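Here is a colleague's note to read beside the sequence and the model. Please keep both in view while going through the numbered points.

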Amino acid sequence: PLQKSMLVKLGGLTVTSNAMLQHPYNAEVQFRALFALINLVIPTETRPDETEEMREFEREIFQQLGEVGETSEKEMLDASVGQISNLVVVGMKNFCSSEAILNRACLVLHNLSLNEEYHSILLWTPNCYQMLEWCLGNYPHDHVLQQSAGGTIQRLNATLSADEELRARFTHSIRAQQQHSLELARQEAVMLQEQQREQEQAQMDVS
């Protein structure tokens with residue numbers, strides 16, 4: 001836990017997020033970053049078996065870090081959770097055929113969902129809810145993925161059920177995203193048709 005706290009306080013979340021941001025199509029980078037985030041997104045809590053001597057040693061270490069040591073893990077995570085959740089979902093979309101990457105991504109989202117304060121961020125992260133549902137439907141034999149994705153959706157649904165206004169806004173957001181996806185698909189179809197016509201015209205000109 002001490003090493004993990006130091007990693008977070010020295011910028012571990014930022015470095016990991018930057019790696020995902022800079023290398024969105026590198027499967028190895030995405031996999032390793034997600035693997036790291038699984039643990040980094042859970043703030044270290046004081047352990048009952050931790051002695052006062054161990055706590056004093058940790059305090060001395062963080063004092064040496066200066067201002068960085070004064071910022072709690074949770075404060076750092078609070079500042080990063082929006083970007084992290086978005087990068088995780090982007091990675092899921094870019095590597096939707098990689099069960100290993102989706103497995104780790106669902107675990108990251110699961111661990112974020114353990115904090116109810118982050119539910120609204122997860123709900124408003126574009127395509128987060130839909131990707132969790134997609135994973136459940138497409139990887140039925142991955143028990144870890146099923147448990148993590150299913151647990152996350154259950155927690156988010158509980159939050160939605162308890163807040164009628166939030167549920168209405170979320171439903172509207174989902175419909176807007178679906179409409180946007182349909183519009184993008186229509187534009188792509190029109191572009192493909194135009195390219196096909198140009199190719200046919202070019203062939204006729206050659207003939």
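This is a predicted model: local features need pLDDT of at least 70, side-chain atom pairs count only at pLDDT 80 or more; totals for chains, interfaces and linings use all residues.

1. Residues are numbered from 1 along each chain as its sequence is written, and side-chain values use heavy atoms, with hydrogens and water left out.

2. How many salt bridges does the structure hold? There are five salt bridges, a salt bridge being a side-chain nitrogen of Lys or Arg within 4 Å of a carboxyl oxygen of Asp or Glu. Side chains of opposite charge can pair when their charged atoms come close.

3. One of these salt bridges joins K74 to D78, with the closest N and O atoms 3.0 Å apart. Both residues belong to helix 6 (residues 73-94) and stand four residues apart, about one turn of the helix; helices here are DSSP runs (H or I, at least four residues), numbered from the N terminus. K74 is partly exposed at 29% relative accessibility, and D78 is partly exposed at 34%, where buried means under 20% relative accessible area, exposed over 50%, and partly exposed in between (1.4 Å probe, protein chains only).

4. K74 also meets E117 in a salt bridge, at 3.0 Å from N to O. Because E117 lies in the loop between helix 7 (99-113) and helix 8 (119-124) while K74 is in helix 6, this pair ties together parts that are 43 residues apart in sequence. E117 is exposed, with a relative accessible area of 52%.

5. A further salt bridge is formed by R197 and E194, at 2.7 Å from N to O. These two residues lie in helix 11 (residues 164-206), three residues apart, about one turn of the helix. R197 is partly exposed at 46%, and E194 is likewise partly exposed at 35%. As for shared partners, salt bridges join K74, D78 and E117 into one network.

6. Helix 7 deserves a careful look. Its 15 residues should span 21 Å at 1.5 Å a residue, and its end C-alpha atoms are 21 Å apart, which agrees; the expected span is 1.5 Å times one less than the number of residues. Helix 7 is mostly covered, with 11 of its 15 residues buried, among them I101, L102, N103 and H110. The buried residues of helix 7 pack against helix 3 (27-40), helix 6, helix 8, helix 9 (128-138) and helix 10 (143-161).

7. Which residues touch the most other members of the largest nonpolar core? They are I84, M92, V108 and L112, in a core of 42 residues, a nonpolar core being a set of buried Ala, Val, Leu, Ile, Met, Phe, Trp, Tyr and Cys residues joined through side-chain atoms within 4.5 Å. Helix 6 gives the most to this core, with eight residues. Leaving aside residues up to four places away in sequence, L112 touches V41, L77, V81, I84, S85, Y118 and L122, contact meaning heavy atoms within 4.5 Å.

8. Finally, N127 lies in the loop between helix 8 and helix 9. N127 has a positive phi of about 70° although it is not a glycine. Most residues other than glycine have a negative phi.
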